[in-house]
Amino acid sequence: MIKVIVVGNGMVGYKFCEKFIAKSGHEEYQITVFGEEPRRAYDRVHLSEYFAGKSADDLSLSTSNWYEENNIILNTSELITDINREQKTIHTHLEKTHTYDYLVLATGSAAFVPPIEGVEKEGVFVYRTIEDLDAIMAYAKKIKRNGATEAAVLGGGLLGLEAAKAVYDLGLNPHVVEFAPRLMPRQLDKGASDMLQSKIEELNISIHLNKSTQYIAGEHAITGMMFEGDDLLKVDMLVISAGIKPRDELGRVSGLEVGVRGGIVVNNQMQSSDPYIYAIGEVALYNHMIYGLVAPGYEMADVAAEQILKGAKTMRDTIDMSTQLKLIGVEVASFGDPFIENEEVTAIVYENKLSGIYKRINVTKDSKTLLGGILVGDSSDYNALFQIYSNAMPLPKNPEDLILGSRGGEAASFGSAMDLPDTAVICSCENVTKGAICCSIVDETCATFGDVVKHTKATTGCGGCKPMVVDLVKATQKSLGKEVKDVICEHFAYNRQELYDIIKINKFTSHDEVLGVVGKGDGCEVCKPLISSIFSSIYNDTANKHVTAQDSNDRFLANIQRNGTYSVVPRIAGGEITADKLIVIGEVAKEYNLYTKITGGQRIDLFGAQLNDLPKIWKILIDNGFESGHAYGKSLRTVKSCVGNAWCRYGMDESAGFAIELENRYKGLRSPHKIKGGVSACIRECAEARGKDFGLIAVEGGWNLYICGNGGANPKHAVLLAEQIDRETCIKYLDRFLMFYIRTAGPLVRTSTWLEKLEGGLDYLKEVVINDSLGIVEALETEMQGLVDTFECEWKQAIEDPEMMKRFSHFTNSDEADDNIAFVSLRDQKMPKPW
Amino acid sequence: MENILNQYETVNSDEVKVWFKAGKIADFPSNGGGCIKYKNKQIAIIKFDRRNEWYACQNLCPHKMEMVLSRGMIGSADDIPKIACPMHKKTFSLVDGSNLNGDDLKIATYPVKIVENEVFVGFLE
């Protein structure tokens with residue numbers, strides 16, 4: 001095996017591994033990664049979302065077993081201290097030595113801390129790692145308790161404004177301090193900066209430009225910043241985000257060539273002055289420049305991987321620094337050369353102070369070529385402009401149409417993404433061209449947008465190119481004459497949502513009606529249960545109706561087990577049960593000799609009941625106050641809870657009571673797939689609410705509502721929908737969310753997958769559920785309330801009706817039970833006899 | 001287990017020796033199945049109202065050897081009437097018992113006739 005050691009486990013180091021193992025020939029190489037941080041590589045670009053509720057795991061770039069699955073050795077919390085280039089070894093702070101054939105330095109950068117007197121004082125932080133953020137959060141909490149309200153951010157660049165957003169999210173008033181006369185001096189001109197400043201100041205974020213900080217005031221902890229001219233800004237915390245400095249220590253100690261202002265010098269193959277040592281990302285000095293953006297870092301990773309595997313790919317001479325992002329809610333983009341101004345070039349500027357929009361494009365005097373530009377407030381033109389710029393496409397007769405839109409009734413300047421050349425790079429983070437996207441569909445490697453994302457990785461970086469990729473996929477499919485549609489089965493040319501609407505609008509109530517009017521054939525095991533479920537969702541029909549068109553478990557209101565016997569699960573809402581009811585369950589289990597087990601949903605499952613015995617068992621349970629637990633249905637299962645503040649000394653609210661209320665509200669609710677809930681009384685999260693389709697966690701000032709999580713084969717943490725809301729609002733949002741899911745999800749699609757596929761994602765869902773962007777919340781609430789009000793226990797229905805009871809016998813011509821069923825003993829209980 | 005499975009062999013209507021009275025029409029659910037006992041056999045009887053047809057097959061699913069086919073859901077695939085096992089959704093043609101998911105598993109089918117209000121299944125013995 002040839003040994004490749006990667007030093008640094010940031011975004012670029014991770015990308016190197018990903019690219020490397022995707023290339024042919026990698027099998028002969030063993031990759032070992034060293035990271036000094038204690039965790040797997042995470043998404044530093046979206047670091048500020050950590051304050052908005054994302055966890056370190058949410059930000060992680062890979063799953064926990066990714067490295068193992070790909071045969072990569074990952075060593076976290078281990079710092080490389082030295083390189084012995086002659087012996088080709090590295091040395092770690094744990095006094096270990098490893099040999100390498102190739103070494104890849106992806107150590108990235110550290111926050112640049114300007115040499116200001118007093119930066120070592122308490123309350124001064126840098127903004128770089130998750131550990132930094134944890135420290136900032138803890139300190140903010142502490143000073144807020146003491147009444148502090150003001151915090152400063154040093155640096156008005158991209159990172160500085162990100163940090164200001166973080167401070168803002170922590171509930172402090174941010175003051176952005178910048179040495180230059182404008183914000184984002186590398187990307188924006190004065191006009192753009194002014195526009196951005198006025199937008200940001202609307203949020204009570206103060207901007208201090210042209211400020212040179214003399215020293216940090218305060219005895220032990222910071223109390224203020226002293227600027228030139230005896231000008232004091234009183235603040236109780238300072239976050240420094242004033243630029244980056246390459247982590248080139250290893251290059252220095254081992255004698256590699258290093259730039260004057262830092263950075264390991266590399267050639268266009270990403271090789272340092274030692275041909276066996278590569279440097280990529282923010283530590284690499286390429287063409288006298290450090291590139292602090294993700295896209296060039298990823299490209300360097302690809303080049304280095306290719307070079308080590310003896311490929312030919314080299315780094316481009318000029319690296320594009322175009323960027324599009326949302327800063328503190330304001331769209332900002334700049335591309336090409338944003339500032340260029342000379343005799344050959346004209347700048348066209350549009351400024352609208354009323355709506356806060358600033359656009360500038362730089363065009364050659366002959367109006368033929370676009371050289372660069374800036375967008376603030378509305379960057380929706382960015383993708384089109386960037387493509388015109390990077391592909392040197394011809395401009396419309398009046399170049400100003402590019403930012404003002406066509407005003408003469410003529411066609412728009414930039415028609416469709418399909419007009420681009422095949423070489424146009426659509427996803428610059430992953431370097432995916434239009435040709436690659438369209439080809440993958442033409443040659444049938446991919447059929448859907450999702451396939452294209454998986455196959456090409458387009459949109460997986462910053463995500464800015466998603467609309468274009470969607471357009472390309474649709475247009476290519478159309479050009480092939482394909483109308484791609486996910487239909488239910490051969491009997492219906494509709495998807496579930498369409499069929500739901502059709503049934504509702506036409507008021508269909510029987511399977512024959514639905515099949516006869518809008519379907520064909522005789523139905524099947526896919527469409528029949530789906531239609532039954534839709535009837536339940538619309539009319540609250542229980543599974544006692546349309547009996548032979550219910551999924552097999554629903555047909556017998558029980559879960560079929562390995563040997564054809566059934567299990568019985570009475571509802572134990574919130575997992576709360578009295579001693580008397582426990583005794584009833586015990587007595588039933590004893591009488592019918594059932595195997596009993598506690599389930600993951602905090603209730604009790606009784607296994608091994610014969611079909612003929614089901615009604616008798618349920619009669620006893622119902623007579624003693626139990627109800628169906630709907631464990632067999634695609635419906636609400638349980639709402640798990642911790643014991644809550646009635647008993648727990650940490651509890652902040654009454655979680656068990658709330659869980660019971662919710663479980664009783666949504667019990668029997670038929671849905672596209674099963675639904676589970678959880679309620680925890682504090683952030684210790686004993687109810688595992690974030691592993692559920694909906695979860696509530698009590699916090700100071702109310703409940704945080706999380707949605708669309710699940711366990712199972714692909715575990716997903718639920719994401720935050722709303723915070724600090726009261727019980728009533730929780731129920732209102734849950735009604736809307738669940739009903740919207742029931743209306744629109746595909747068959748057997750859990751909430752997490754549904755959200756993943758929902759165009760617009762969580763932001764869109766928030767708009768629908770919280771801000772009522774579709775104007776449907778009233779209808780959703782009414783529908784849900786209707787279902788809640790008409791709930792009936794279907795087992796009670798069944799045992800009270802002799803006609804319904806007929807189905808619970810194994811033979812139609814005999815009262816005997818199935819004599820083929822046999823059991824053997826298992827740990828003092830029983831199990832099916834294996835064949 | 002093999003001998004249980006071997007009890008079931010397809011019977012064609014022209015070779016029937018015994019017409020067994022399985023019950024009345026009303027004993028079977030609409031567009032669904034019921035299981036009857038005949039000697040030591042379990043037979044699923046399918047009342048396919050939508051097609052106005054009756055079918056019979058072994059109740060034993062040959063996949064995991066459970067007596068459950070009569071509890072399965074019926075339907076059609078390219079107009080072939082079929083039944084789906086409730087355990088793992090293997091589907092079988094009700095006409096010739098062949099497996100429609102493409103495996104080798106096959107089930108035995110039996111002829112059904114209706115006389116007045118009564119349902120009869122045909123066997124060799």
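This is a predicted model: local features need pLDDT of at least 70, side-chain atom pairs count only at pLDDT 80 or more; totals for chains, interfaces and linings use all residues.
Chain A holds 26 helices and 38 strands. Of its 835 residues, 46% are buried. Among the contacts in chain A with a separation of 6 or more, 61% join residues 24 or more positions apart.

Two helix pairs were examined. Two packed helices are described by the angle between their axes and by the distance between the axes. The crossing is right-handed. From α11(A), the contact draws on K434(A), I437(A), C438(A), I441(A) and V442(A). These meet V469(A), L472(A), V473(A), T476(A) and Q477(A) in α13(A). By class, the residues of this contact are seven nonpolar, two polar and one charged.

The second pair is made by helix α21 (residues 727–744) and helix α24 (residues 777–789), both of chain A. Here the axes lie 8 Å apart, and the packing angle is about 90°. The angle falls between 65 and 115 degrees, so α21(A) and α24(A) are roughly perpendicular to each other. Helix α21(A) contributes K732(A), D735(A), R736(A), L738(A), M739(A) and F740(A). Helix α24(A) contributes V777(A), L780(A), E781(A), E783(A) and M784(A). Six residues of this contact are nonpolar and five are charged, with no polar residue.

Strand pairing comes next. Strands of a sheet pair through backbone hydrogen bonds, either parallel or antiparallel. In chain A, three strands form an open sheet in the order β13-β14-β15, with antiparallel pairing. Strands β13 (213–217) and β15 (231–234) of chain A are the edges, and each pairs on one side only. From one strand to the next, the twist averages 20°. Strand β14 of chain A covers residues 224–227. Four bridges join β14(A) to β15(A), and the two run antiparallel. Within β15(A), L233(A) stands opposite M225(A).

L325(A) has V332(A) in β22(A) as its bridge partner. Two residues lie between the strands of this hairpin. I328(A) takes a positive phi near 50° there.

A140(A) is 27 residues from V167(A) in sequence. In space the two are 8.5 Å apart, C-alpha to C-alpha.

The last feature is the contact between the chains. Chain A supplies 24 residues and chain B supplies 31 residues. On the side of chain A that touches chain B, five residues are nonpolar, 11 are polar and eight are charged.

Notes. Residues are numbered from 1 along each chain as its sequence is written. Chains are lettered from A and ligands numbered from 1 in the order in which they are written. Two residues are in contact if their C-beta atoms, placed from the backbone, lie within 7 Å. Ala, Val, Leu, Ile, Met, Phe, Trp, Tyr, Cys and Pro count as nonpolar, Asp, Glu, Lys and Arg as charged, and the others, Gly among them, as polar. A crossing is left-handed if the near helix is turned anticlockwise from the far one by less than a right angle, and right-handed if clockwise. Two strands pair if DSSP finds at least two bridges between them. Axes are lines fitted to C-alpha atoms, for helices over the stretch in contact, and angles run from 0 to 180 degrees between N-to-C directions. A residue is buried if 20 or more other C-beta atoms lie within 10 Å of its own, exposed if 12 or fewer, and partly exposed in between; C-beta atoms are placed from the backbone. Angles under 35 degrees count as roughly parallel, over 145 as roughly antiparallel, 65 to 115 as roughly perpendicular and the rest as oblique.
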